[in-house]
Amino acid sequence: MEELRSIQWFPGHMTKTKRKIESQLKLIDAVAILLDARIPYSSCNPDLRSIINNKPRLVVLNKCDMADSTQTKKWIKLFREKGISAVALDCKTGRGLNNFIPEVKNVLADRISAWEAKGMKGRTIKVMVVGIPNVGKSSFINRMSKQNRAKVEDRPGVTRGNQWFTIGKGFDLLDTPGVLWPKFDDKLVGEKLAYIGSVKDEILDTEHLAGRLLEYLRDNFPESVCARYKIDMNEIADIEGYDILELVGKKRGMLISGGEINTERAASTVLDEFRGGALGKITLDKAEECSDVRI
Ligand code: G4P
């Protein structure tokens, strides 16, 4: 993942975003941290905690339609144990979206009471939505504002200007000012981001990536790989990722002239199928292994 770090990780961007977020903090009441429910640990920017300082916060586990629901429950419990409210939702079907505003009001209950005591009943609640590229910020804001004002981009890392959106009477959302890059220092974090498609495939060796993914799935979710590609566990128990990829290509009849296996095609098939949920609802960051998550 050296290539990931050198191409995608620009400390300068992070400094700019840090300054932008800090300059907006005085305008907002709370921060909604969007994480990908499949990788709550890897989609979390570790600098965020210090950037947002002690602003009230809550975690939004988005894309829970693609995550293992047992793990999602464990993640919510883990965050709550750390004193952080968390809600799970998905912007594809809209499931769980109704819990967002009540949860924010819950987090801000003391402040809301204090405002009311000062005669500021119905004061607008302002929430900043933050998250790494591709986590679903635009989709979330679109869904919540029920209008198509936030542009949904499919390219990770598209810079957007500061934008406010009204999502209900007395409730505004501010889109992330700047681009909050994930940390690629950890090889496994970089790989997981690549598996789910949060890193542009053009800069990656997809055969290597798909091979690593197959190895990871073989070690952690063997039944998914075996069922999807009609492979017996004995066939892949002791082989490397690239060999598993070749086997997948062979099983799917992906051959090029001369009988050679088209591993490039097999790689994009594996990545597409994994990202499309064909291998099942899979959470790559297990809550029980990530108790050091800091937000
Ligand atoms: P961003 O602003 O944080 O960068 O993310 P954005 O909303 O652009 O979403 C990135 C991709 O994730 C989009 O897919 C979007 O449809 C998808 N997405 C967002 N929320 C959810 C969710 O809860 N569940 C699922 N399954 N997908 C979600 P795309 O393929 O890039 O675009 P498109 O196919 O929607 O056009």
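User: What does the side chain of S145 do with the backbone oxygen of I141?
Analyst: A polar atom of the S145 side chain lies 2.8 Å from that oxygen. Keep in mind that this is a predicted model.

User: Where is S145 found?
Analyst: S145 is in helix α7, which covers residues 137-145.

User: Is S145 buried or exposed?
Analyst: Buried. Its relative accessibility is 6%, and the cut-off for buried is under 20%.

User: Which residues does S145 touch, leaving out those up to four places away in sequence?
Analyst: F165, T166 and I167. Those three fall within strand β5, residues 164-168.

User: OK, the sheet then. What's the strand order?
Analyst: β3-β2-β1-β4-β6-β5. The sheet is open, has six strands and is mixed in its pairing.

User: Which strands stand at the edges?
Analyst: β3 (85-88) and β5. Each has a single partner strand, so one side of each has no neighbour in the sheet.

User: And how much twist from one strand to the next?
Analyst: The average is 30 degrees.

User: In what sense do β2 and β3 pair?
Analyst: Parallel, over four bridges. Strand β2 runs over residues 57-62. V60 has V87 in β3 as its bridge partner.

User: Which strands does helix α5 touch?
Analyst: Helix α5, residues 100-107, packs on the sheet and touches β1, β2, β3, β4, β5 and β6. Its direction makes about 160 degrees with that of β2.

User: Is C91 buried or exposed?
Analyst: C91 is buried, at 12% relative accessible area. C226 is buried too, at 14%.

User: Last one, helix α9. How far does it reach?
Analyst: Helix α9 spans residues 206-220, 15 residues in all. From first C-alpha to last it reaches 20 Å, close to the 21 Å expected at 1.5 Å a residue.

User: What's at the start of α9?
Analyst: A side-chain oxygen of D205 comes to within 3.2 Å of the backbone nitrogen of E207.

User: Which residues of α9 are buried?
Analyst: E207, L209, A210, G211, L213, L214, Y216, L217 and R218.

User: What covers them?
Analyst: The cover includes α8 (187-195), α10 (222-229), α11 (233-236), α12 (241-251) and α13 (263-275).

Methods
Residues numbered from 1 in each chain as written. Predicted model: local features only at pLDDT ≥ 70, side-chain atom pairs only at ≥ 80, totals over all residues. Heavy atoms only, no water. Pairing = 2+ DSSP bridges. Helix = DSSP H or I, 4+ residues; strand = E, 2+ residues; numbered from the N terminus. Axes fitted to C-alpha atoms, helices over the stretch in contact; angles between N-to-C directions. Contact = heavy atoms within 4.5 Å. Expected span 1.5 Å × (residues − 1). Buried < 20%, exposed > 50% of the residue type's maximum accessible area, 1.4 Å probe, protein only. Polar contact = N/O pair within 3.5 Å; in protein donor to acceptor, adjacent residues only side chain to side chain.
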